[in-house]
Every structure is written in structure tokens, then in C-alpha cells.
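Thanks for coming. I have one structure to show, and I will keep to a few places in it.

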Amino acid sequence: MSFIHDDFLLSTKTARRLYHSFAKDEPILDYHNHLPPKDIAEDRQFRNIHEIWLEGDHYKWRAMRCNGIDEELITGNASPRDKFLAWAKTVPHTLRNPLYHWTHIELKRYFGIDELLNEKTAPAIWEQTEAALARPEMSARGILRTQKVRALCTTDDPTDDLSWHKKCAADGFEIGVYPTFRPDKALGLLQPDAWNDWCDKLSEVTNITINNFSALLQALEKRHDYFHSIGCRLSDHGLSRCYANFSTDAAAARVFDRYRSHRTKRLYPEDQELLATHIMMHVGRLNARRKWTMQLHLGPVRNNNTRLAKKVGADVGCDSIGDFPQAESLSRFLDALDTENALPKTVLYNVNPADNYVFGTMAGNFADGTTPGKVQFGSGWWFVDQKEGMEWQINALSNLGLLSRFIGMLTDSRSFMSFPRHEYFRRTLCNLLGNDIEGGLIPDDDELTGSMVKNICYANAKAYLGLEVS
């Protein structure tokens, strides 16, 4: 039997029935990823497996560094083939790391390859995948079709012109390619040069002179309106923790003036906290008005390695789980919006599994009878988007909330090879439920449990997010 077989991860007869009858054939709504919309708009044809698999995958880069691979073969100027061979050399050392599972399920689903990837098999696999990637169905759009993707949401700065999203819509592409509003750079006060440059760019694209705090909020609102016109229905925020330093508009304006005019010589974290709180409240209100969903990705410590950041850049695999206190500030932020009747649909993602029960209980505090699962405890994210982390998240959500209202999995990926992560999640979900049924913990009733599986895989996200999806 091949390693990736029909019943991979499915340890019981009931788990296999649930997966094959209710999960396997459901379409995909990938509502958070980092795919380049340009590749979809131009229907990129990948020349080799390095381009589609390794080009921007910091998960693999991190593992390769841990295996003693030189940076030249990771992000340097080595040939694509040599970089792939270096990855193949690393793969056997990823045993029990989720990368081992992902690697082989992706090779199986995209190329029909059952061989284990290693130094010996790598040259033949390079040739086989290079030939396969030349086929029309392996273009960016072809992959979305074969993977049964109905819609996806990229991650986009408010200053982006969204031209590639517009092209996808204009040329009749049947799969929805929607932007997500991510205004993180508006909060970056403690890097004043970069923050001022970004404000200048926002000023340029909105034709609003951003010389005061009110103008900044006005410009963000104008871009929010523009994103909405292109089909955007979600915002996304990558934060260490929620900001909850509430102050007056006048105090926020004074902080803005000091940093915008470059008059400040000392940088104060409390200044960023104050300004960011106001901006996040502003975006939350806009989201509620437009009936968008707000995603809060909380908890990482990013770009820990200064040496590598200077050499290669940000987001290259040098991030880790943070141990920030989350509960109080998250509660205060959500409550402030809720008090104004301006809390939008919200998805909470934690990178630290120690916060599972904090986030699971926080989500239930703000149900208001308007939307099932209005505040979601989101899927296992980043370092916990593997089998064990998914099980932890599913178990915490089941114990503390309503698993039946869960909006399911996403890829959070920069690679077009990552869509089988939805399959990986679905197999994990069905295995948990199958074990419960055979253990007598939940009824052996396909109408009850099977319908829940189908909803978690696709229907719940479709109903919740409000995207134009078939």
C-alpha cells in the first residue's frame, strides 16, 4: 500500500465512511491565503516544481536551515533544480513533522506520485513534475479548477490598486478571486520612516492629504469602500495581541502629529498602542457597517533573526509562537465594539495553543442572536495547523462552543500546491468524529454527523462570509 492511500489518517470504519461520503467531494472556499493574484490573473504556467512549491514557502525554508542546508540553496542564487534537490535531501529528516505529510499528499494529488521523496528519487521526480507542469490543467487557474476551489481570498494592503483582482473578474474567470483588507502598516508607528512612507503612499492613492489623524481615518475608509466595490468582504489583522488603549480623539491626534511630522526623537510603545486602538476601532466599525468579517490573527513573534532579516528579508521562516497575555485586551477590544453595536462577524486565530481555551471561551461572550457563530474560534493557525494542532482546536471548540457552526479550514499559504491542506483537515475532522461514534460518545447517525461534516467543509463558510460564491 502506498503511503498516501484512500484511507490515510482514517483509523476507523466510521471515520472512513464520514470522509468518503460527506467530506471528500465538498468544494473549497479558501478564505485566507497569501497567493499572488497576479499569478491567477495571468494564469501562470509554472516551469518546474521549485517555482510552484519552494519559491515562497518559508515552512520548507525553515526546515532546510534546521537540516544544515546553506542559504544559497534556500533563498540564494542556486539553480531551481539544486534548490529542489536540497529540499529532497531534507524531506526524510522531516519525519513526524507535518511537512512530511504535506509533501507526500501534495505530490500524490497534483502529480500522482507515490514514491517517497528523498535524494535518490528526487532527480526522477524533478523530471516527472516538470513534464506534468507543462500541461494546461496545471496552470494557476487549472489547479484551482482541479482542486474544486469555488472562491479564495488573498491578503492585500489598503494601498494596492487590486488590478489583478479586477482582471480576474473582468475576463469571466468563474472562480471568485477576492481581496482582503489588511491595514497592518497603518499601525507601524514604531518604525516611523516606513510608517510615514506608507502614509504618503496612502495619500497618493486616495488623493487625500494625510496631514492629520482625521485624514488618515478618512483615507482608510475610502480604501475600504474601494475594496468593497471589488468584492472584498473580509479584513485581516496580524497582531501580537489586540490593542485596547482607549483614549480621546484629541490624544490620538496629538500622537499622530508627533510621528507624522518626524518631530519625535523617542519612540513610545504606548503611543503605538493608543493610535492602533483608534485605527482598529475605526476598521471594526467600517466592517460592521459593510457586514464584513474581521479576522484577528494574534500571538506570533515575527522576524526573530536580525541577521537573516537583513540578509534575506521578512517572513522567511524566522517567526515563533509568542507568550503574550491575550484575554484582557481581546475582551476589551471586542466589548468596545459590541457596546457601540459595531462588532462585526469576527474570527479569532491564536498561534499559541495555550490560548485555545481563552479564545474558545471569548468567542461565546459576544453572540447576539443575529448570526450563527458570530464570533468564531478559527482553525488551527501557523504552527498549529497540523494534525495534533487541528485536533486541539476542534476539541476546544467542541467543549466550549458549537462545532456545528465552525467555518472550517483555510490554507494561509503562498503556494498553489497547498490546497490539499483542506483534505488533511477534513480527514482529521472525520477521524475524530469517527472515533467518537465508535466509542459511543456521539450517535451513529449520518444525517446528524454527516450533515455537520459537510457544513464545516464548505457550507458554513459560504453562508457566514457573504462572498459571491456558487
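First, the ground rules. This is a predicted model, in which local features need pLDDT of at least 70 and side-chain atom pairs count only at pLDDT 80 or more, while totals for chains, interfaces and linings use all residues. Residues are numbered from 1 along each chain as its sequence is written, and side-chain values use heavy atoms, with hydrogens and water left out.

The sheet is open and has 3 strands, ordered β1-β2-β3, with parallel pairing. Strands here are DSSP runs of E with at least two residues, helices are runs of H or I with at least four, and numbering starts from the N terminus. Two strands count as paired if DSSP finds at least two bridges between them. β1 (28–30) and β3 (176–178) each have a single partner strand, so one side of each has no neighbour in the sheet. From one strand to the next, the twist averages 5°, taken between N-to-C directions of lines fitted to C-alpha atoms, on a scale from 0 to 180 degrees.

β2 covers residues 149–153 and pairs with β1 over 3 bridges; isoleucine 28 has valine 149 as its bridge partner. β2 also pairs with β3 over 3 bridges, and there alanine 151 stands opposite glycine 176. Of the 5 residues in β2, 4 are buried, meaning under 20% relative accessible area with a 1.4 Å probe and protein chains only.

Next, the loop between β3 and α10 (192–206), which holds threonine 180. Is threonine 180 buried or exposed? Threonine 180 is buried, at a relative accessible area of 0%. Leaving out residues up to four places away in sequence, threonine 180 touches, among others, Cys153, Asp156, Phe227 and Gln295; contact means heavy atoms within 4.5 Å. Its side chain also reaches the backbone oxygen of threonine 154 at 2.8 Å.

Last, helix α19, residues 446–465. Its 20 residues should span 28 Å at 1.5 Å a residue, and the end C-alpha atoms are 26 Å apart, which agrees; the expected span is 1.5 Å times one less than the number of residues. Buried residues in α19 include Met452, Ile456 and Tyr464. Just after α19, glycine 466 takes a positive phi of about 70°.

Technical notes. Buried < 20%, exposed > 50% of the residue type's maximum accessible area, 1.4 Å probe, protein only. Polar contact = N/O pair within 3.5 Å; in protein donor to acceptor, adjacent residues only side chain to side chain.
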